[in-house]
Amino acid sequence: MRSVLSLAVAAIVSTGLTTGLTTSPAAASLAAGPRPAELPGEIYGGAWQAGHVQGIAIDRANGFMYFSFTNLLVKTDLKGNPVGSVTGFTGHLGDLDFNTKDGRVYGSLEYKAQESFYIAIFDADRITSMGMDAQTSDVVSTVYLKEVVDDYTADMNGDGRFDGNVADTPDHRYGCSGIDGVSFGPEFGKKHGKQKLTVAYGVYSNVNRQDNDHQVLLQYDVNQWKKYERPLTESAPHTSGPERTDGKYFVHTGNTRYGVQNLDYDAHTGNWMMAVYKGAKPQFPNYSFFMVDGSAEPRRGEIKGQPQPEQGSLLSLAPGGLEHEASGVRGWQFTGEYGLTSLDDGRYYVSKAGTLNEGGVTKQTAHAQLYRWTGQSPTPFTRLP
């Protein structure tokens, strides 16, 4: 009879989890537990009369996938059968992540007209039927992010007027358009650091300003967030949330269109993955995928391009991929902006957005497809069957 160790090694090799990188503890743990074949190569998120898919999150322990469709949250099993949904959002529901510590789904939620930005927290176990209302079903609570509001509403040209939800303006500090990417992971620079929620700014595309060339990432310790949580009441947005962040960080990538769409900490590489809509500034390479080096300590330095000289905590892009010599920016070309979630063993679900027509009605679809990390250039993933 083969030993448990040999079975584990065989499982890792047979599924391609070793890619020239050191095998992670998460990968070894997976090999000793459920076999990778138990995860399907694709999970269908359904077709919905909603916005396009924004993000995905997986609860492997209980066998559920979550899809954000801009104004709709859909919960399926791992065969793609709908289990429940949360409706009624008039704001923008973006990227998602599943918190294994409390069993809840966290997502970015924007109300730009009301100048309100929240983390929406879904009680995953209670999403058990279709069409549950976000405001009346008590499955959603929200936490207000003051730091984001302050940067979004900043009157940068000092004319005494905030110009609102437009990109063609000098307003919005760092070009902040709100928030999109969210992910749980360790403190930056500490592989085994305390787990925190990281929230990425949306950033307006504006090629005529120089202060919007960073991705801005906020970290929060959510252990004490219960005291801030309030029901979602769209008619009367609340302002209950932390007064300050547990860290504000800057990554120089060049300007992108609406910042980090999908953010995900990957225990396999130890890095933070950022999928974006490509930028348009000709002096930058305008990659669609970046990685923050999770092992590099944040360093104090100049936040380039600001109207007044400013220092901040700067993060480093991970080695590998394509490198643009003139700007020093590294990255890859990959379409992960509609949903990306790491399984922490060298495999990932990546959401593919689509549409279909049913009875003259256009509906949005999502297929969460299984990929494996290769680290190769220009595309660092390969599709798995």
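Modeller: Happy to. First a term: helices (H or I, at least four residues) and strands (E, at least two) are DSSP runs, numbered from the N terminus. With that in hand, Asp133 sits in strand β9.

Colleague: Before we go on, what kind of model is this?
Modeller: This is a predicted model, where local features need pLDDT of at least 70, side-chain atom pairs count only at pLDDT 80 or more, and totals for chains, interfaces and linings use all residues. Residues are numbered from 1 along each chain as its sequence is written, and side-chain values use heavy atoms, with hydrogens and water left out.

Colleague: Thanks. Back to Asp133, how accessible is it?
Modeller: Asp133 has 28% relative accessibility, so it counts as partly exposed. The classes are buried for under 20% relative accessible area, exposed for over 50%, and partly exposed in between, with a 1.4 Å probe and protein chains only.

Colleague: And which residues does Asp133 touch?
Modeller: Leaving aside residues up to four places away in sequence, Asp133 touches Val86, Thr87 and Gly88. Contact means heavy atoms within 4.5 Å. Gly88 is 45 residues from Asp133 along the chain, yet their C-alpha atoms are separated by 5.6 Å.

Colleague: What sheet is β9 part of?
Modeller: An open sheet of five strands with mixed pairing, in the order β2-β3-β4-β5-β9. β2 (55–59) and β9 (132–133) are the edge strands, each with a single partner strand, so one side of each has no neighbour in the sheet. Two strands pair if DSSP finds at least two bridges between them.

Colleague: What holds paired strands together in general?
Modeller: Strands of a sheet pair through backbone hydrogen bonds, either parallel or antiparallel.

Colleague: How do β4 and β5 run?
Modeller: Antiparallel: four bridges join β4 (residues 73–77) to β5 (residues 82–87). Lys75 has Gly84 in β5 as its bridge partner.

Colleague: Switching topic, how many bridges link β24 and β25?
Modeller: There are 12, in the antiparallel sense, between β24 and β25 (residues 361–373). Gly354 is partnered by Thr365 in β25. The two strands form a hairpin with two residues between them, and Gly359 in the turn has a positive phi of about 60 degrees.

Colleague: What about β23 and β24?
Modeller: β23 (residues 340–342) and β24 (residues 347–358) pair antiparallel over three bridges, with Thr341 opposite Tyr349 in β24. Their hairpin has four residues between the strands, and Asp344 takes a positive phi near 65 degrees there.

Colleague: Is the pairing of β15 and β20 parallel or antiparallel?
Modeller: Parallel, over two bridges, for β15 (residues 248–252) and β20 (residues 311–314). Phe250 stands opposite Leu314 in β20. On the other hand, β19 (residues 299–302) pairs with β20 in the antiparallel sense over four bridges, and Arg300 faces Ser313 in β20.

Colleague: Now the whole protein: how many helices and strands?
Modeller: Three helices and 26 strands.

Colleague: And how does its radius of gyration fit a compact globule?
Modeller: The protein has 20 Å, which agrees with the value near 21 Å that a compact globule of 385 residues would have. The radius is taken over C-alpha atoms, and the globule rule is 2.2 Å times the number of residues to the power 0.38.

Colleague: How much of it is buried?
Modeller: Of the 385 residues, 56% count as buried. Also, 60% of contacts between residues at least 6 apart in sequence join residues at least 24 apart.
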